[in-house]
Amino acid sequence: MESTTSPADSPPPPRLERYNETTERMRARLVYQSRKRGMLENDLLLSTFAGEKLGSMDREELAEFDRLMDEPDWDIYYWATEKKVPPERWQNSPLLEKLRAHSCSE
């Protein structure tokens with residue numbers, strides 16, 4: 001597990017700014033990105049989460065999900081399945097809590 005995750009003190013990934021992106025376009029992009037992660041476990045976890053939750057998220061929640069999608073795949077997976085403690089920037093995240101609850105559901 002150590003070889004597949006980022007060090008705990010890693011800075012957040014750099015952001016790719018998307019200017020003038022509408023909320024609906026952002027939502028559609030995030031649905032697509034959640035299905036095309038490159039790691040089957042996250043494709044399944046994030047795409048089902050996106051299918052259930054993104055439609056009801058406001059712009060602020062979508063922006064938080066967008067920031068989460070910038071994180072490395074294995075980190076997201078281990079944080080969502082509670083195998084590793086997330087860095088401080090994600091420790092009190094309501095979004096990550098929702099993703100954790102989703103990962104435990106059948």
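Figure 1. Asp73 is buried, with a relative accessible area of 16% (buried means under 20% relative accessible area, exposed over 50%, and partly exposed in between, with a 1.4 Å probe and protein chains only). The model is predicted: local features need pLDDT of at least 70, side-chain atom pairs count only at pLDDT 80 or more, and totals for chains, interfaces and linings use all residues. Residues are numbered from 1 along each chain as its sequence is written, and side-chain values use heavy atoms, with hydrogens and water left out. Arg37 forms a salt bridge with Asp73, and their closest N and O atoms are 2.8 Å apart (a salt bridge is a side-chain nitrogen of Lys or Arg within 4 Å of a carboxyl oxygen of Asp or Glu). Arg37 sits in the loop between H1 and helix H2 (40–53) and Asp73 in helix H4 (residues 73–80), so the pair ties together parts that are 36 residues apart in sequence. Helices are DSSP runs of H or I with at least four residues, numbered from the N terminus. Arg37 is also buried, at 17% relative accessibility.

**Figure 2. The salt bridge of Arg89 with Glu71.** The closest N and O atoms of this pair are 2.9 Å apart. Arg89 belongs to helix H5 (residues 88–91) and Glu71 to the loop between H3 and H4, so the bridge ties together parts that are 18 residues apart in sequence. Arg89 is partly exposed at 35% relative accessibility, whereas Glu71 is buried at 4%.

**Figure 3. The salt bridge of Arg29 with Asp66.** Here the closest N and O atoms are 3.0 Å apart. Arg29 lies in helix H1 (residues 23–35) and Asp66 in helix H3, so the pair ties together parts that are 37 residues apart in sequence. Arg29 counts as buried at 14% relative accessibility, and Asp66 counts as buried at 4%. Salt bridges that share partners join Glu21, Arg29 and Asp66 into one network. The structure holds seven salt bridges.

**Figure 4. Packing of helix H3 against helix H6.** H3 (residues 59–69) and H6 (residues 94–104) pack at an angle of about 70°, and their axes are 9 Å apart. Axes are lines fitted to C-alpha atoms, for helices over the stretch in contact, and angles run from 0 to 180 degrees between N-to-C directions. The angle makes H3 roughly perpendicular to H6 (65 to 115 degrees). Glu61, Glu64, Phe65 and Leu68 of H3 meet Pro94, Leu95, Lys98 and Leu99 of H6, where contact means heavy atoms within 4.5 Å. These residues divide into five nonpolar, no polar and three charged.

Terms used
Helices (H or I, at least four residues) and strands (E, at least two) are DSSP runs, numbered from the N terminus. Angles under 35 degrees count as roughly parallel, over 145 as roughly antiparallel, 65 to 115 as roughly perpendicular and the rest as oblique. Ala, Val, Leu, Ile, Met, Phe, Trp, Tyr, Cys and Pro count as nonpolar, Asp, Glu, Lys and Arg as charged, and the others, Gly among them, as polar.
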